[in-house]
Amino acid sequence: MENSSGEFMFVLHGLKDTRTNKHIYFAFGVIVYSMTLFINLILAIAVILDKTLHEPMYIFICSLFFNGMLGASAFYPKILADLLSEYHVISYVGCLSQVSIIYFYVFCEYTCLTVMSYDRYISICKPLEYHSIMTLQKGFKLLFFTWLCSLLESSVGVLLTAQLPLCGNVIDKLYCSNWEVVKLSCTDVSVNNVYGYFIIFSHVSQAVFIIVSYICIIRACLRSKRQWPKFMQTCLPHLIALTNFTIALLFDLMYARYGKSQGLQALRNILGIEFLVVPPLLNPIIYGFKLTQIRQGLLKMYWHRCKALQHR
């Protein structure tokens, strides 16, 4: 499909069965997107402004907040526009840009959660050495490594996809995904498949590292009951965020590669967007309300704002 200027366009078929209640979905989407941006931004600002939170763990959490806003912004604006439009299309450049941002969000989220498990392992298993091992400088280096690796992973995948000649333009999802574009290719996609399995293997390796870290953490807590409060306050939110994101991503990955194309479109839509919708909204809630230090930082920011308004 080409538009009037001759630009190649993809057709997004995820909304093909949504002919009614579009305005209700639109209103709901606007509310959820606004909440996602507001909560993540407020908590990120609270971490940045409160110097007592300038520690590696909170730096990583702040990264999750910004990454959540990025992932949500790669999805919501386009789907909200499609809900108000009769034609659900996206340009070739727009599609690959959306793929790049969403994949960066996914890789950055998982790598950041992996780094956080390492931080929690040092904190609980080697508490006396924590401040010498996990310095603020090392925290920023790990964060930079997370962003750089995620950028390289997503860029290579998109560049490989951009080399493929396409024989179709219909994507049976609400948004562009790399594998859906690859499936439209007219040529051999072995290189793309190999790279895809390489990415899967690398992140499975991260999952193994996380599992081993938490086995060591739980053992340390069983030996010393004094570590349980720290586990419940800092590790439990991390486990909730990690479990939710992993399960949602696996459902989408398995269904995209091995699911039946004749399946219910509503089910495919739900499985396809859960990792883009829930984690960006869930992360700030479980971290913001579970961690006492972040709640205190948020209250400090609120009271400072109130005092500033009173003195005007």
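Q: First up, what does the chain average for pLDDT?
A: This is a predicted model. The protein chain averages a pLDDT of 83. At least 70 is the score for 84% of the residues.

Q: Where is confidence lowest, and where is it highest?
A: Lowest is helix α10, residues 292–310, with a mean of 63. Highest is α5, at 94.

Q: Which residues are closest to its centre?
A: F107, I199, I200, L249 and L253. They belong to a lining of 35 residues.

Q: Which helices supply at least two residues of that lining?
A: α3 (92–125), α5 (136–162), α6 (178–182), α7 (190–223) and α8 (228–258).

Q: Which one gives the largest share?
A: That's α7, with eight residues of the lining.

Q: How do the lining residues divide into nonpolar, polar and charged?
A: There are 22 nonpolar, nine polar and four charged.

Q: Switching to strands. What order do they take in the sheet?
A: The order is β2-β1-β3. The sheet is open, has three strands, and its pairing is mixed.

Q: Which are the edge strands?
A: β2 (89–91) and β3 (170–171). Each pairs on one side only.

Q: How many bridges join β1 to β2?
A: Three, and the two strands run antiparallel. β1 covers residues 9–12.

Q: Last topic, L142. Which helix is it in?
A: L142 lies in helix α5.

Q: What is L142 in contact with, leaving aside neighbours within four places in sequence?
A: F60, V115, Y118 and M134.

Q: How many residues apart in sequence are L142 and F60?
A: They are 82 residues apart. In space, C-alpha to C-alpha, L142 and F60 are 9.0 Å apart.

How values were computed: Residues numbered from 1 in each chain as written. Predicted model: local features only at pLDDT ≥ 70, side-chain atom pairs only at ≥ 80, totals over all residues. Heavy atoms only, no water. 1 Å grid on protein atoms, 1.4 Å probe; cavity = no way out; pocket = protein on both sides within 12 Å on 5 of 7 lines; lining within 4 Å. Helix = DSSP H or I, 4+ residues; strand = E, 2+ residues; numbered from the N terminus. Nonpolar A, V, L, I, M, F, W, Y, C, P; charged D, E, K, R; others polar. pLDDT = per-residue confidence, 0-100. Pairing = 2+ DSSP bridges. Contact = heavy atoms within 4.5 Å.
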